[in-house]
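Here is a short briefing for a reader new to this structure. Look over the sequence and the model first, then read the points below.

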Amino acid sequence: MTKTAARPAAPPVAVRPAEAPPPTRGRGRRRLLDQVHAYGFLLGGLLCFALFSWYPAIRAVVIAFQKYTPGSPPEWVGTANFTRVLHDPEFAAAWRNTLTFTALALLIGFAIPFVLALVLNELRHAKAFFRVVVYLPVMIPPVVTALLWKWFYDPGAGLANEVLRFLHLPTSHWSNGADTALVSLVIVATWANMGGTVLIYLAALQSIPGELYEAAELDGANLLQRIRHVTIPQTRFVVLMLMLLQIIATMQVFTEPFVITGGGPENATVTVLYLIYKYAFLYNDFGGACALSVMLLVLLGLFSAVYLRLTRSGEDG
């Protein structure tokens, strides 16, 4: 009977001790602290927004139904403030001027930024320089811009009339004429605010795929046809959004009438916001001022609702 050779014993395998699970208490505490910090910063922003935006808006709605005079207790008067404001001769003029200003701003101040964006998009050299030049008016404080244009519009030694005299063209009263004052203010507002609109349009134009333009060129489309059938359809959502935002902004015009014309001549540039200022700080009628503010708030709220609806539909699309 043969004996088999004994195999050497296998070396013992070192058994690692089971690793302890990571401490969840420390991780949970850190996550809780991160959330507390995040909500702390958010709470600070919400408090500032509530203090400087929500509270004044709610307070204005309340005062709109009161006879309010600083230093005396308020008295509830119902809709008397609204009735008095509606019968004010300046009320119709203010709304007419505001709506006219908005319409002119859409005609003048809405097409020019789009054309400038198209030109900047086609440039091959000095793009950064011209973008800075276009955006420069936005960086100037609004009051400084209004004072600068007030000097331009001076009927005597103003730059605008000096240029017209140099070109042997008839001069104008500009902001001092009842028939030209509102158009003059639209030109100021367009020059001062078109820089941001141009950059937004430029970003939208640069996001259009180049293959669409190449296909249009192969089909024999000229420049105007490419703009009509490619550029405008591809940017229609941005155009519509900016149009609604411009309507909301231009219906709150105040700086230009206040600084340049003072609402004149002959109430030709009295806007709703300027009339609110007159009620509050010239007539000392805070109830009437708040009633006008509520009317403007309701109208702008409708435009804002349309804006949000279109924004959501655009995101869903």
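The notes below move from the whole chain to its cores and then to one helix.

This is a predicted model. The chain has 317 residues and folds into 13 helices and 2 strands. Its radius of gyration is 32 Å, whereas a compact globule of 317 residues would have one near 20 Å.

**Overall shape and surface**

- The C-alpha trace spans about 135 × 70 × 35 Å along its principal axes.
- Buried residues make up 33% of the chain.
- Among contacts with a separation of 6 or more, 65% join residues 24 or more positions apart.

**Nonpolar cores**

- In soluble globular proteins, nonpolar side chains tend to be buried together.
- The largest nonpolar core here has 26 residues. Val85, Trp95, Val272, Leu292 and Met295 have the most contacts inside it.
- Six helices each supply at least two residues of this core: H1 (24–63), H2 (80–86), H3 (89–108), H10 (223–250), H12 (272–282) and H13 (286–316).
- H13 gives the most to this core, with 8 residues.
- A second, separate core has 17 residues. Leu120, Val134, Tyr201 and Ile208 are among them.

**Around Trp95**

- Which residues does tryptophan 95 contact, leaving aside its neighbours within four places in sequence? They are Met251, Val272, Leu292, Met295, Leu296 and Leu299.
- Of these partners, Val272, Leu292 and Met295 are also listed, like Trp95, among the residues with the most contacts inside the largest core.

**Helix H12 and Lys278**

- The buried residues of H12 are Val272, Tyr274, Leu275, Ile276, Lys278, Tyr279 and Ala280.
- Lysine 278 sits in helix H12. Is this lysine buried or exposed? Lysine 278 counts as buried because its relative accessibility is 12%, and the cut-off for buried is under 20%.
- Lysine 278 touches Glu90 and Tyr283, not counting residues up to four places away in sequence.
- Asparagine 284 follows H12. The phi of asparagine 284 is positive, near 60°.

Key. Residues numbered from 1 in each chain as written. Predicted model: local features only at pLDDT ≥ 70, side-chain atom pairs only at ≥ 80, totals over all residues. Heavy atoms only, no water. Helix = DSSP H or I, 4+ residues; strand = E, 2+ residues; numbered from the N terminus. Rg over C-alpha atoms; globule rule 2.2 N^0.38 Å. Buried < 20%, exposed > 50% of the residue type's maximum accessible area, 1.4 Å probe, protein only. Contact = heavy atoms within 4.5 Å. Core = buried A, V, L, I, M, F, W, Y, C linked by side-chain atoms within 4.5 Å.
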